[in-house]
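Here are some notes for a colleague opening this structure for the first time. They take up a helix pair and then a pair of domains.

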Amino acid sequence: MKSVPHALMLLSFLSSTCVMAADTDYPLTLGNCGEEVRLQSPPERVVTVGQSATEILYALGQADKVVGTSVWFNPVLPRYREVNAGIERIADNDPSFEAVVNRKPDLVAVQYEWHVGPTGSVASRDQFHDLGIATYIMPADCDTKDNATGGDGTRTAAFTTQSIYKGISELATIMDAQDAGEALISDLEARESHAIARAASLDLPEDLSAVFWFSSPDATTAPYVAGRLGAPGYMMDKLGIRNVIESDEEWPTVGWETIARADPDVIVIARMERRRYPADDVAGKLEFLHNDPVAREMSAVKHGRIVEMDAHAMSATMRTIFGLETLADALSTMSFEP
């Protein structure tokens, strides 16, 4: 699908509207994932723990305030490649508490609560607050989600992109960049609507089904697949697809025998740079699907209905809208004849 370049859409929005957003009134206090964020002035030094917060700050024109990034699944969006190259990546995966603090941030912007939360793998929010460092967690990881269940958490209600737009709006308010925030949300909403309309125009089977495979510790263990209430569940719901996985967990492990019995029409596999597990490699996923005696018998494999999608789009991020586009485009090329 061809769409208007992001930068042009932002400029068009800004030039066509007569009402500009109000400046942030500091000191600022806002509720965030059960705690309060308090800021006396716009942050000047931000460290991101999670690619979602990083790319949103870039999109808001705040790259010059970002002094360190971490937790990357995919390469940065092409339009931010140049600015990102000049910013220190303090860790590909989980950074240490010391590495974050050493960048002297006045704000730590976080994608996942399990990195910075009550039992955060990096630190608790209190550890940062005790040093006078504010923390902000993207609402998509705590709104309609219980992270106290362990692992990747459990959804208490279905994810919607409103939590993404809420995060963009709040980060824009924190950074005093409301006009850029409104423009970005307008762009993403238009792309979301376009992708949904595109899929609706296709002659798709009424009971079309799919499974989203993120990764696996190894070829002999059950894969991490998407539950029904997370970002992939949102994509499937909006495009009229039934998720063969009915769990409320964000990324439950389900055996291939169970998945094969459900025989999904489409398999969506995550593409990522991360190499924590052998199946992080998309080539490894494809090799398994085509050679495993159980997996290769599934209809999706036999008929070539396998879709590669950026792993970051499978998380609740602004790239979820891009994943929606990827899936709608892929469906338009598929045949579902018996």
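Is the crossing of H6 and H7 left-handed or right-handed?

1. The crossing of H6 and H7 is right-handed, that is, the near helix is turned clockwise from the far one by less than a right angle. Helices here are DSSP runs (H or I, at least four residues), numbered from the N terminus.

2. This is a predicted model, in which local features need pLDDT of at least 70, side-chain atom pairs count only at pLDDT 80 or more, and totals for chains, interfaces and linings use all residues. Residues are numbered from 1 along each chain as its sequence is written, and side-chain values use heavy atoms, without hydrogens and water.

3. H6 spans residues 162-174 and H7 residues 178-200; their axes lie 8 Å apart, at an angle of about 165°. Axes are lines fitted to C-alpha atoms over the stretch in contact, and angles run from 0 to 180 degrees between N-to-C directions. The two helices are therefore roughly antiparallel, a term for angles over 145 degrees.

4. On the H6 side, the contact (heavy atoms within 4.5 Å) includes Tyr165, Ile168 and Ala172, while Leu184, Ile185 and Leu188 are among the H7 residues.

5. The domain assignment, automatic or from a database, gives domain 1 (28-175) and domain 2 (202-332). Their C-alpha centres are 26 Å apart, and 30 residues of domain 1 touch 25 of domain 2.

6. Between them the domains bury about 2,200 Å², 58% of it on carbon and sulfur atoms. Buried area is the accessible area (1.4 Å probe) that two parts lose on being put together, summed over both. Phe73, Asn74 and Arg155 supply 29% of the area that domain 1 buries against domain 2, more than any other three residues.

Technical notes
Parallel < 35°, antiparallel > 145°, perpendicular 65-115°, else oblique.
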